[in-house]
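Colleague: Can you walk me through this one? I'm curious about the aromatic rings.

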Amino acid sequence: MKKIFPAVFAIIAILALLQPTSSVETKAGNDYLLFIPECEEQYDSGIKLMVAGIEHNLTFYRPSGNITVILYSQGYLEGTKDETTYYRWGYRDGNFSDLEYGKYINLSSSAVFRDKIAFHIGISSKAEGALRDETGALWHLQIKSGETTITEDDIFVEKMDAGIALRRAEFEFRVEPFSGGRVYPEYNHTFLSINKGNVPLFLTGYYDKMSEIFVTTNMSVVLRPEGQTHSEVEHEVYLTALPWSPQVFSVIEHLRAVPLHVMKTESIDFSQIPGQQVRISVKVVRPGFNIIDIGPAKLQYEKGPKVADYNEVLIIRAFLNGNGSARLTLSPSKLVIKGVYYDGMWHNETSYSPVSVDFSLKEDVEEEVRIALWCNREDVSARVSYTIESGGKSGTAYTDIVVGKAPSILVADEERGFEINPMSVGIALGLMVLMGAFLAYYTHRTKKERERENDKNSEEYRPATRRKKRKKR
């Protein structure tokens, strides 16, 4: 036991000596963070990235109370020393400062905490590598404690890129006439806003009209730079419908992205940052119908395609409303109009040509129209077209109708009499031939069986017990 204790103490002593040295090397090495506040670090080909004109948080281990941070470009090494090539910041006696220009630091955000120090600094948007026609430049970072360099690294500087993109930002709402309540778009009801640049953006938006009934969720949020967490945000859109009469109207939501953490030294024209639009169409229309809205008149018509049997008389409905007089023209294609219902009664008139009806419309009153269509042609894609005219304006739409095949038997046509289906005739003739052959075979077989039976009943084939005995002489 006495021999073990000296060895143990020696090991403990060595570990005690190594521990402080190892700790200092880790903190004093190339271990620092450079990021825009509220964001993650950005890199270009593995090199830390700094965006000119934007505030950055530079955080590292503080070995003393005398810290100097130097950042310079190749232009400084070539003899130019100004805001485009050289910067120097310091921490002395508990105070932060911009040692060169007195303005490229956020004093209220720079801070010391425990053994770490955070400089909130930035460089001019006109710095080397950040001009309009430049794609970035390599700068060099030095961090000193007194006269000793504790960190040294290359930094890639590039110009600010601020912009957003939208995905799935077009919506169609369908609202039932004279109803109300919350309504979501007919198909997708969300869209994505995406930060396509290298600076965080504050996202806002406004509707060009009717903003009191529309809601877009997740607005007034921060979009982080492209590729980072929360660089994309999903938004839901819905409206609170009023008891509208049938109509169509459009609304646009304008989205605006404002760059965050821009240095106070910069005068950026935010109006030049492109905005984006969310386009919304609202159709107040009956379920299963589409609508034409030309202003003075609105026509609701059935959505196609409809399906009909050959020779069927199909009834299609439509509804009109608006202000003042209007004319509705119905045009058949591969169909026959048998009659039109309006003013509460049927007007029967067989027509292969367009039929026009005049109306006097009211905004909150729907005029019902029914069209009786005779599907007199088989296996065709037919169509009835609508043209509504009012106040010098017009609109056109249509309903497609798929007509089935005629039955595979004799078909009656009111105009052309009876026609014979060739396939049916062929099948019938084949059956008749088969039946004739069967009857001939059956007759021949029956005849043969009768002949054999007659032969058996003759004397030659009588059994011995039934033969007549001859008398002896």
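**Surface and aromatic pairs**

Modeller: The protein exposes about 27500 Å², and carbon and sulfur atoms supply 51% of that area. Keep in mind that this is a predicted model.

Colleague: How many helices and strands does the protein have?

Modeller: There are 3 helices and 34 strands. Of the 473 residues, 38% are buried.

Colleague: And how many aromatic pairs does a search of the whole structure find?

Modeller: It finds 19 aromatic pairs. Take Tyr87 and Tyr101: the ring centres are 5.4 Å apart and the planes sit at 70°, so this pair is edge-to-face. Edge-to-face requires planes over 60 degrees apart.

Colleague: Where do Tyr87 and Tyr101 sit in the chain?

Modeller: Tyr87 is in strand β6. Tyr101 is in the loop between β7 and β8. They are 14 residues apart.

Colleague: Tyr87, buried or exposed?

Modeller: Tyr87 is buried, at 0% relative accessible area. Tyr101 is partly exposed, at 23%.

Colleague: What about Phe171 and Phe191?

Modeller: That aromatic pair is edge-to-face, with 6.1 Å centre to centre and 65° between the planes. Phe171 lies in strand β13 and Phe191 in strand β15, so the pair ties together parts 20 residues apart in sequence. Phe171 is buried at 5% relative accessible area, and Phe191 is buried at 0%.

Colleague: Back to Tyr87. Which residues form one aromatic cluster with Tyr87?

Modeller: Trp89, Tyr101, Tyr104 and Trp139.

Colleague: New topic. Which ring face does Arg182 lie over?

Modeller: The face of Tyr238, at 4.0 Å from the ring centre. Lys338 lies over the face of Trp374, at 5.0 Å from the ring centre.

Key: Residues numbered from 1 in each chain as written. Predicted model: local features only at pLDDT ≥ 70, side-chain atom pairs only at ≥ 80, totals over all residues. Heavy atoms only, no water. Helix = DSSP H or I, 4+ residues; strand = E, 2+ residues; numbered from the N terminus. Buried < 20%, exposed > 50% of the residue type's maximum accessible area, 1.4 Å probe, protein only. Areas by Shrake-Rupley, 256 points an atom, 1.4 Å probe, with all protein chains shown as cover. Phe/Tyr/Trp six-rings, centres within 6.5 Å; stacked < 30°, edge-to-face > 60°. Lys NZ or Arg CZ within 6 Å of the ring centre and 35° of its normal.
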